[in-house]
Amino acid sequence: MGIDSALRSSGRLRLRARLAAATVAVAAMTGGAVIALAGSASAATTLRGAAEADGRYFGVAVGQGDLSNTSATNLAGSQFDMVTPENEMKWDTIEPSNGSYNFGPGDNIVNFATSHNERVRGHNLVWHSQTGAWVFQGPEGKPADRETLLARMRDHIQTVVGRYKGRIHGWDVVNEAIDEDGSLRKTPWRDGIGDDYVAKAFEFAREADPNAELYYNDYNLEKPEKRAGVIKLVNDLKARGLRIDGIGNQAHWRLETPTMDAIEQALVDLNSTGLKVMYTELDINLLPSAGRGVDPAVANPYANGLPDEKQQQLARRYADIFGLIVKHRTRVSRVTFWGLSDADSWLNRGRMNHPLLWDRQRQPKPAFHAVVDVLKRAR
Ligand code: GLA
């Protein structure tokens with residue numbers, strides 16, 4: 001998967017807006033130029049600089065609500081060169097009711113990205129979650145039938161992909177279609193259309209923008225059964241002659257799980273389909289699973305900050321992950337963080353999580369320096 005020369009050679013980073021979630025894209029490139037960074041940041045002290053010096057690139061995912069915080073936008077713009085909208089292009093935001101489109105939030109992110117020479121990854125076109133109930137409803141309270149659902153899906157994809165044609169590098173066409181046991185997940189899409197709904201989505205996306213890259217995106221791919229289901233699905237799409245350019249592995253991981261061996265095995269297996277793998281939503285959850293009524297000291301152990309020992313563990317975990325990515329650089333086309341800083345992460349949810357490379361003040365953590373070191377050593 002190549003990087004166009006315009007993106008490679010244009011590196012002037014002028015940040016005026018603000019971002020909430022961060023995508024780091026690492027792509028194998030040939031002969032990439034070191035990008036000149038504005039302000040005090042240098043190529044040696046940013047992920048983007050370190051990666052591009054090694055012939056890779058970095059990007060940023062954004063949330064519309066965050067386009068007004070200078071520290072966030074400064075960080076996101078200096079560290080990344082790719083954007084994934086966190087929620088702004090999901091069905092319930094972009095088509096909240098039938099045929100009525102709300103493009104403002106997505107437009108703002110695309111405009112931000114393009115004005116900063118950043119690519120955009122569209123996220124996402126077809127998913128069972130964050131999709132209005134109306135989509136699946138037919139007349140008299142009955143579920144919509146196959147033809148109705150296919151028409152809605154096609155209209156949506158034509159309209160959304162069509163609007164951003166030429167401005168979005170690639171789309172997550174279908175998100176999370178496979179269940180934990182490797183079977184096709186039971187969703188209203190599958191119930192109404194049948195097992196070929198995934199293929200139909202890829203067909204419509206190709207029709208809407210023949211030049212955009214198209215991806216399948218899912219989580220828990222380190223679990224062999226689920227991974228086998230994804231590989232089967234991807235091979236089926238290929239056998240149907242449909243375009244698919246990559247597999248997104250969300251990579252919502254923890255400190256100890258999945259193991260590095262499991263991550264490596266998943267990468268090799270997924271890549272054996274002939275497709276590059278993208279880590280699309282990387283973060284490391286440091287909090288225990290805790291239901292209601294659990295002692296807050298247990299449920300929320302780092303409310304006053306992350307102890308040094310945990311910081312170091314997190315740094316080692318990220319170093320291991322990026323070490324693996326560097327080792328398998330020909331298999332991995334991109335890495336995306338799901339959130340710019342600890343202040344922006346979805347993993348807080350009423351507690352204090354510390355899953356990313358920057359802290360709540362958007363200052364670099366030891367994990368950031370560990371990743372930069374791995375990238376620099378890889379040159
Ligand atoms: C999934 C989705 C993302 C996001 C995360 C959690 O992984 O793909 O869009 O919703 O969950 O925030």
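1. Start with the second largest cavity, which is lined by Val126, Trp127, His128, Val174, Asn175, Glu176, Ala177, Thr187, Trp189 and Tyr197. A cavity here is a set of points on a 1 Å grid over the protein atoms alone where a 1.4 Å probe fits but cannot get out, and lining residues have an atom within 4 Å of a point. The second largest cavity holds about 30 Å³ of space, where volume is the space filled by probe spheres set on the points, and grid points are joined across faces, edges and corners. Its lining has six nonpolar, three polar and one charged residues (nonpolar: Ala, Val, Leu, Ile, Met, Phe, Trp, Tyr, Cys and Pro; charged: Asp, Glu, Lys and Arg; polar: the others, Gly among them).

2. Some housekeeping. This is a predicted model, where local features need pLDDT of at least 70 and side-chain atom pairs count only at pLDDT 80 or more, while totals for chains, interfaces and linings use all residues. Residues are numbered from 1 along each chain as its sequence is written, and side-chain values use heavy atoms, with hydrogens and water left out.

3. On to the largest pocket (an open set of points with protein on both sides within 12 Å along at least five of seven lines). The largest pocket has a volume of about 560 Å³. Its lining counts 26 residues, and the closest to its centre are Tyr219, Gln250, His252, Trp346 and Leu347. By class, that lining divides into eight nonpolar, nine polar and nine charged residues.

4. The ligand takes up the largest pocket (more than half of its atoms lie within 2 Å of the pocket's grid points). Around the ligand are Lys90, His123, Trp127, Gln130, Asn175, Glu176, Gln250, His252, Glu281, Trp338 and Trp346, counting residues with a heavy atom within 4 Å of it. That shell has three nonpolar, five polar and three charged residues.

5. Now the polar contacts (pairs of N or O atoms within 3.5 Å). A polar side-chain atom of Gln250 lies 2.6 Å from a ligand oxygen. For the side chain of Asn175, the distance from an N or O atom to a ligand oxygen is 2.9 Å, and for that of His252 it is 3.3 Å. Taken alone, the ligand exposes 300 Å², and the protein buries 88% of that (Shrake-Rupley areas with a 1.4 Å probe).

6. Finally, some backbone geometry to look at. His123 and Asn124 are joined by a cis peptide bond with omega about -10 degrees. The Thr257 to Pro258 peptide bond is cis, with omega near -10 degrees. Arg349 is not a glycine, yet has a positive phi of about 35 degrees.

Technical notes:
Polar contact = N/O pair within 3.5 Å; in protein donor to acceptor, adjacent residues only side chain to side chain.
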